[in-house]
Amino acid sequence: MTLTDEDCLAETLAFNEQFEATAASRPNRGQTPDASVLALLRRNRLGGNTPPVRLPQGRDRVVAGGVGIRVFVPDEIDGVYLHLHGGGWAFGSAGGQDERLWRLATQARLAVVSVEYRLAPEHPFPAGPDDCEAAARWLVDRAAAEFGTGRLLIGGESAGAHLSVVTLLRLRDRHRITGAFRAAQLLFGPYDLSMTPSQRSFGSKRLLSNTDSLRRSYELFTPGLEAEQRRDPEISPLYADLTGLPPARIVVGTEDPLLDDSLFLAQRWQAAGAPVELGVVAGAMHGFTLFPLTVTEREQAREREFLAAAGR
């Protein structure tokens, strides 16, 4: 484990304090959202109150099984990155981070394929994972023809990190596909939906995620299931056999209720035989990369460097 960005701790903690101070002006994600709140959260950028910027470089397509994807293709391509967005399986979209994904595409020389997977509560588990699995299988079959390379990478943020691991496990267990994706980039994901100790003990602090908001996200994603049932390895990959998975980069902040999830997953991933780079960002809350912080710039640079070099 590497604790990073301690020199930015004062700035990072000051932002957390400011974010919490303005919590009253934001919808409470720990409560059941009504239709208007859900629509607002889905329309606006994750972590903000304005719609995301959509760039002309993004191209929307529909692939196998009717799954939507948004594709960014730079002039030079050395690989393909399958990106799964965050948002608690209920918010976010493939078109919600065009600027970041286009910058990643051009600087890391990657075609980026972001999946428009179905969202809860209208489409609970397993709809979202089904869509991600279908997009991944399409890439395994079509990447060389579509993009001129078979070097595949996968990753995402928060719920997208969870879906990335679930997708790798489904490829292995359902289709006997291992090694197709050469690396995984996993940013502050929930890997135990029965709740790790850090999730349960975080409390009601009004940062981007807390104990109540995580619990409600799990109820929306897996309605009717008790905590014990959510330990099913198909839902909580922390309980899965992780053998045969690719090298991973796992990142989380020290002020994230999902801290234990990344620490525990990294330990089990490495024990299963694959290299792991674990980064813990000093003072960072859940979703910190959504905000204009020094640690955000540094993390995105580290992500680009990892994805540009991984699996060669």
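The structure is a predicted model, in which local features need pLDDT of at least 70 and side-chain atom pairs count only at pLDDT 80 or more, while totals for chains, interfaces and linings use all residues. Residues are numbered from 1 along each chain as its sequence is written, and side-chain values use heavy atoms, with hydrogens and water left out.

Helices (H or I, at least four residues) and strands (E, at least two) are DSSP runs, numbered from the N terminus.

The pairing of S3 can be followed through Arg 70. Two strands are taken to pair if DSSP finds at least two bridges between them. Strand S2 (residues 58–63) pairs with S3 in the antiparallel sense over 6 bridges, and within this pair Asp 60 has Arg 70 as its bridge partner. S2 and S3 form a hairpin with 3 residues between them, and Gly 65 in the turn has a positive phi of about 80 degrees. S3 also pairs in the antiparallel sense with strand S5 (residues 110–116), over 5 bridges; here the bridge partner of Arg 70 is Ser 114.

Most residues other than glycine have a negative phi, and most peptide bonds are trans. The loop between S5 and helix H4 (127–147) holds Pro 121, and the peptide bond from Ala 120 to Pro 121 is cis, with omega near 5 degrees. Pro 126 is also placed in the loop between S5 and H4, and the bond that joins Phe 125 to Pro 126 is cis, with omega near 15 degrees. Positive phi values turn up as well. Asp 5, in the loop between strand S1 (2–4) and helix H1 (9–21), has a phi near 65 degrees and is buried at a relative accessible area of 7%. Trp 89 sits in the loop between strand S4 (79–84) and helix H3 (98–108); it is not a glycine, yet its phi is positive at about 65 degrees, and with 3% relative accessibility Trp 89 counts as buried.

Helix H4 bends by about 55 degrees at Asp 141, the bend being the angle between axes fitted to the seven residues ending there and the seven starting there. Its buried residues include Cys 132, Trp 138, Leu 139 and Phe 147. Just after H4, Gly 148 takes a positive phi of about 80 degrees.

Contacts, meaning heavy atoms within 4.5 Å, link parts of the chain that are apart in sequence. Thr 4, in strand S1, is buried at 14% relative accessibility and touches Val 280, Val 281, Ala 282 and Arg 302, not counting residues up to four places away in sequence. Ala 161, in helix H5 (residues 159–175), is buried with a relative accessible area of 0%. Leaving aside neighbours within four places in sequence, Ala 161 is in contact with Gly 156, Leu 186, Leu 187, Gly 189 and Tyr 191.

Finally, the axes of H3 and helix H9 (residues 294–309) come within 9 Å and cross at roughly 45 degrees. That makes H3 oblique to H9. Axes are lines fitted to C-alpha atoms, for helices over the stretch in contact, and angles run from 0 to 180 degrees between N-to-C directions; angles under 35 degrees count as roughly parallel, over 145 as roughly antiparallel, 65 to 115 as roughly perpendicular and the rest as oblique. Among the residues that meet at this crossing are Leu 104 in H3 and Leu 307 in H9. Leu 307 is buried, with a relative accessible area of 0%, and Leu 307 also touches residues including Tyr 81, Leu 110 and Arg 151.

Technical notes
Buried < 20%, exposed > 50% of the residue type's maximum accessible area, 1.4 Å probe, protein only.
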